[in-house]
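Me: Please take one part of this structure and examine it closely. I would like a single connected account of that part and of what surrounds it.

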Amino acid sequence: MATMASSSLVILLFVSFHTMILLTPQVQADEEDDLLRGINNYRVSLNRSSLIENKNAECFAEQLAEQFKKQPCTNTTGSNAILGTEPQLSNYPDLLKKCHLNLTNTRDGVIMPACVPNLDQGLVLTNFTETHYNANLNDTKYTGVGIGSENDWIVVVLSTNTADGSFVPAGPDNSAALVPKLKLIYLLFSLCLGFVLVCFN
């Protein structure tokens with residue numbers, strides 16, 4: 001009887017653990033949330049609309065941050081770089097592909113990387129609002145935003161509501177929409193399995 005009770009407890013803990021993982025919301029890093037709030041407050045102060053989170057632009061921003069993360073912060077990198085001297089990424093098309101994007105639906109967007117030691121909250125925001133990036137933040141054509149960060153680098157990608165800057169996935173790829181459905185199916189399966197095992201032990 002004790003063995004049956006302990007196996008039921010183990011099963012219940014297993015199911016509870018998986019349920020908790022699946023129901024835990026995927027949250028962005030605090031630095032990214034803080035920056036988005038700061039950027040939107042800045043835009044509102046300029047009588048501009050708040051930027052809406054664009055998950056595809058966020059995916060691309062994360063890919064870019066991953067590329068930048070090993071580069072040191074200098075007075076010529078990120079928001080300190082002179083316009084037109086920013087480093088060009090040779091694998092740019094590959095990064096787009098990882099997010100199911102292409103040049104056609106991203107060419108009107110804008111990429112703004114910044115390098116800030118330890119991603120200090122106050123300094124991160126000023127790297128966007130008090131540099132040449134502020135012209136983009138003040139531009140009404142940008143309506144969406146994606147933010148990614150790695151190490152000392154944080155990347156903001158702005159999107160538009162036009163076809164050339166929407167960051168809508170290229171082609172009929174529904175894999176992004178499929179992920180939440182698979183999570184739900186897995187969750188229901190785990191709950192049913194746990195219920196059956198507990199009842200019949």
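Reply: D164 is partly exposed, with a relative accessible area of 26%; here buried denotes under 20%, exposed over 50% and partly exposed the range in between, with a 1.4 Å probe and protein chains only. The model is predicted: local features require pLDDT of at least 70, side-chain atom pairs count only at pLDDT 80 or more, and totals for chains, interfaces and linings use all residues. Residues are numbered from 1 along each chain as its sequence is written, and side-chain values use heavy atoms, with hydrogens and water left out.

D164 forms a salt bridge with R107, and the closest N and O atoms are 3.4 Å apart; the term requires a side-chain nitrogen of Lys or Arg within 4 Å of a carboxyl oxygen of Asp or Glu. This pair links distant parts of the chain, 57 residues apart: D164 is in the loop between β4 (153-160) and α7 (175-199), and R107 in the loop between α4 (92-98) and β2 (110-115). Helices (H or I, at least four residues) and strands (E, at least two) are DSSP runs, numbered from the N terminus. In contrast to D164, which is partly exposed, R107 counts as exposed at 57% relative accessibility.

The loop between α4 and β2 also holds T106, which is buried at a relative accessible area of 4%. Leaving aside residues up to four places away in sequence, T106 touches L96, L101, D164 and F167, where contact means heavy atoms within 4.5 Å. A polar atom of the T106 side chain lies 2.9 Å from the backbone oxygen of N102.

Next comes the strand region. Y142, in strand β3 (residues 142-150), is buried with a relative accessible area of 5%. The neighbours of Y142, not counting residues up to four places away in sequence, include R43, D108, V110 and L158. The C-alpha atoms of Y142 and S166 are separated by 9.6 Å, the two residues being 24 apart along the chain.

Four strands make up an open sheet of mixed pairing, in the order β1-β3-β4-β2; strands pair if DSSP finds at least two bridges between them. At its edges are β1 (52-53) and β2, each pairing on one side only. Strands β3 and β4 run antiparallel and are joined by eight bridges; G146 has V157 in β4 as its bridge partner. Helix α2 packs on the sheet, touching β1, β3 and β4, and its direction makes about 150 degrees with that of β3. Helix α5 packs on the sheet as well, touching β2 and β4, at about 140 degrees to β2. These angles run from 0 to 180 degrees between N-to-C directions, with axes fitted to C-alpha atoms and, for helices, over the stretch in contact. V124, N127, F128 and T129 are the buried residues of α5 (residues 121-129), and their cover includes α2, β2, α6 (134-137) and β4.

A search of the whole structure finds four salt bridges. One of them joins R37 and D34 at 2.5 Å, N to O; these residues are three apart in helix α2 (residues 30-45), so about one helical turn separates them. Another joins K69 and E66 at 2.9 Å, N to O. Here K69 is partly exposed at 24% relative accessibility, and E66 is partly exposed at 34%.

Definitions and conventions:
A polar contact is a pair of N or O atoms within 3.5 Å; within protein, one must be able to donate a hydrogen and the other to accept it, and residues adjacent in sequence count only if both atoms are side-chain atoms.
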